[in-house]
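My entries follow the model.

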Amino acid sequence: MNWTLTIGNKAYSSWSQRPWILLRHFDIPFTERVVPLDRATTSVDIQQHSPTGRVPALQAGDLVIWESIAIAEFIADRFPDKAIWPVDPDARAIARSLAAEMHASFTRLRQHCPTNFRRPQRAIAIPDDVRHDVDRIEAAWSATRQQWGQGGPFLFGAFTAADAMYAPVVNRFWTYDIPVKGETRAYMEAMMALPAWLAWIEGAKAEPWFIDKYEAI
Ligand SMILES: N[C@@H](CCC(=O)N[C@@H](CS)C(=O)NCC(=O)O)C(=O)O
């Protein structure tokens, strides 16, 4: 197997973290190729590896798969024994709903609290429209954990692609010190204790690139 995942800076690229943490958690071998974001050549550089000019993109032999959610599906197809999605078909359907919702939504939270995995924890004012996104995410996590999460600390007990899709949200909640319920906090702590999470943070901290507009927030 010869897979290469093209990603942006670990410090800032929320979309890149999703397939990276999924591959890493499930011990699937891959090579990473980092293209620093927000430079004059970024778009051209990414286009060499991704048809959309966006990261992440997974090259598997001659095949290139783009869009984080499609990459998760590809990984699940190629590794049917690894429970990338929950095994129970009903749980799997809900996991896909959650992942699709993440992929399509929460723009207010994303814009107000840009991803920065190196950001020291520091609260900022959270307007009502951002709080609306936070509330919906907390409600979704809570309902999922109540129905499906008995077997462990993740959304469906064990870590799945649904958790990977929400991993950057965990970082936002944490680094912007957004007030959340105790059960949300417990879920966040489980995510942030994952070896794959810690490896991502370590990588982010080792990067030499800094983007002023994200560091200023
Ligand atoms: N919907 C895409 C979003 C990908 C995306 O927006 N990636 C950003 C980085 S996090 C990007 O490639 N930006 C290109 C640029 O900054 O030039 C996915 O799920 O993969």
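I began with the domains. The model is a predicted one, and the protein in it divides into domain 1, residues 3-81, and domain 2, residues 89-198. I looked up the spacing next: the C-alpha centres of domain 1 and domain 2 are 21 Å apart. I then checked contacts between them. Here 19 residues of domain 1 touch 21 residues of domain 2.

Next entry: the ligand site.

I listed the residues around the ligand. They are Ser 13, Trp 15, Leu 37, Thr 42, Gly 53, Arg 54, Val 55, Pro 56, Glu 67, Ser 68 and His 103. Sorted by class, this shell holds four nonpolar, five polar and two charged residues.

Arg 54 places a polar side-chain atom 3.0 Å from an oxygen atom of the ligand. Val 55 uses its backbone: a polar atom there is 2.8 Å from a ligand nitrogen atom. For His 103, an N or O atom of the side chain is 2.9 Å from an oxygen atom of the ligand.

On its own the ligand has 520 Å² of accessible area, and the protein covers 77% of that.

Definitions and conventions
Residues numbered from 1 in each chain as written. Predicted model: local features only at pLDDT ≥ 70, side-chain atom pairs only at ≥ 80, totals over all residues. Heavy atoms only, no water. Near = heavy atom within 4 Å. Polar contact = N/O pair within 3.5 Å; in protein donor to acceptor, adjacent residues only side chain to side chain. Areas by Shrake-Rupley, 256 points an atom, 1.4 Å probe, with all protein chains shown as cover. Nonpolar A, V, L, I, M, F, W, Y, C, P; charged D, E, K, R; others polar. Domains from an automatic or database assignment. Contact = heavy atoms within 4.5 Å.
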